[in-house]
Amino acid sequence: MSGARQTGKTTEIFKFADKNYEQIIYVNLADKKQLESFESAVRNTSDLFGLIQYCRESDNAEFCNLDKTVLIIDEIQESSDIYNSIRA
């Protein structure tokens, strides 16, 4: 989702996710600590291990690979590596 800053985009995404998913994994890449942790966890992995590792090291709940799990990456423009890796 794109648009002007501070208009409620993240709030709306959370409302949607809360109604449609059982587990929400949230990463805010504007937070330097989360950015470094997420980049480190997912670097050089081709499976979900990096996401499992990130959840264990962050404030997120234990990762469950279910259809009812959603990953929200906020401020993704802060990391061209992450942005480009999910585009592929």
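Predicted model: local features only at pLDDT ≥ 70, side-chain atom pairs only at ≥ 80, totals over all residues.

Guide: Tyr26 is partly exposed, because its relative accessibility is 22%. The chain averages a pLDDT of 84, and 91% of the residues score at least 70. Helix 1 (residues 9–20) has the highest mean pLDDT among the elements, at 95. Helix 4 (residues 80–87) has the lowest, at 80.

Now the ring of Tyr26. The chain has 3 aromatic pairs. In one of them, the ring centres of Phe14 and Tyr26 are 5.0 Å apart. Their planes stand at 50 degrees, so the pair is tilted. Phe14 belongs to helix 1 and Tyr26 to strand 1, so the pair ties together parts that are 12 residues apart in sequence. Phe14 is partly exposed too, with a relative accessible area of 30%.

Move along to Val27. This residue is also in strand 1. Val27 is buried, and its relative accessible area is 0%. Leave out residues up to four places away in sequence, and Val27 touches Gln34, Phe38, Tyr54, Leu71, Ile72, Ile73 and Asp74. The C-alpha atom of Val27 is 9.7 Å from that of Ser37, a residue 10 places away along the chain.

Beyond its neighbours within four places in sequence, Tyr54 is in contact with both Tyr26 and Val27.

Val27 and Tyr54 both belong to the largest nonpolar core. That core has 12 residues. In soluble globular proteins, nonpolar side chains tend to be buried together.

At the start of helix 2, a side-chain oxygen of Asp31 comes within 2.9 Å of the backbone nitrogen of Lys33.

The number of disulfides is 0. Cys55 is in none, and the nearest cysteine sulfur, that of Cys64, is 9.0 Å away. The cut-off for a disulfide is 2.5 Å between the sulfur atoms. Cys55 is buried at 2% relative accessible area. Cys64 is likewise in no disulfide, and its nearest cysteine sulfur is that of Cys55. Cys64 is partly exposed, at 35% relative accessibility.

Cys64 leads on to Thr69. The backbone oxygen of Cys64 lies 2.7 Å from a polar side-chain atom of Thr69. Thr69 lies in strand 2 (residues 69–74). Thr69 counts as buried, because its relative accessibility is 16%. A polar contact of 3.2 Å joins its side chain to that of Gln23. Past its neighbours within four places in sequence, Thr69 is in contact with Tyr21, Gln23, Ile25, Phe63 and Cys64.

Conventions:
Residues numbered from 1 in each chain as written. Heavy atoms only, no water. Polar contact = N/O pair within 3.5 Å; in protein donor to acceptor, adjacent residues only side chain to side chain. Helix = DSSP H or I, 4+ residues; strand = E, 2+ residues; numbered from the N terminus. pLDDT = per-residue confidence, 0-100. Core = buried A, V, L, I, M, F, W, Y, C linked by side-chain atoms within 4.5 Å. Buried < 20%, exposed > 50% of the residue type's maximum accessible area, 1.4 Å probe, protein only. Contact = heavy atoms within 4.5 Å. Phe/Tyr/Trp six-rings, centres within 6.5 Å; stacked < 30°, edge-to-face > 60°.
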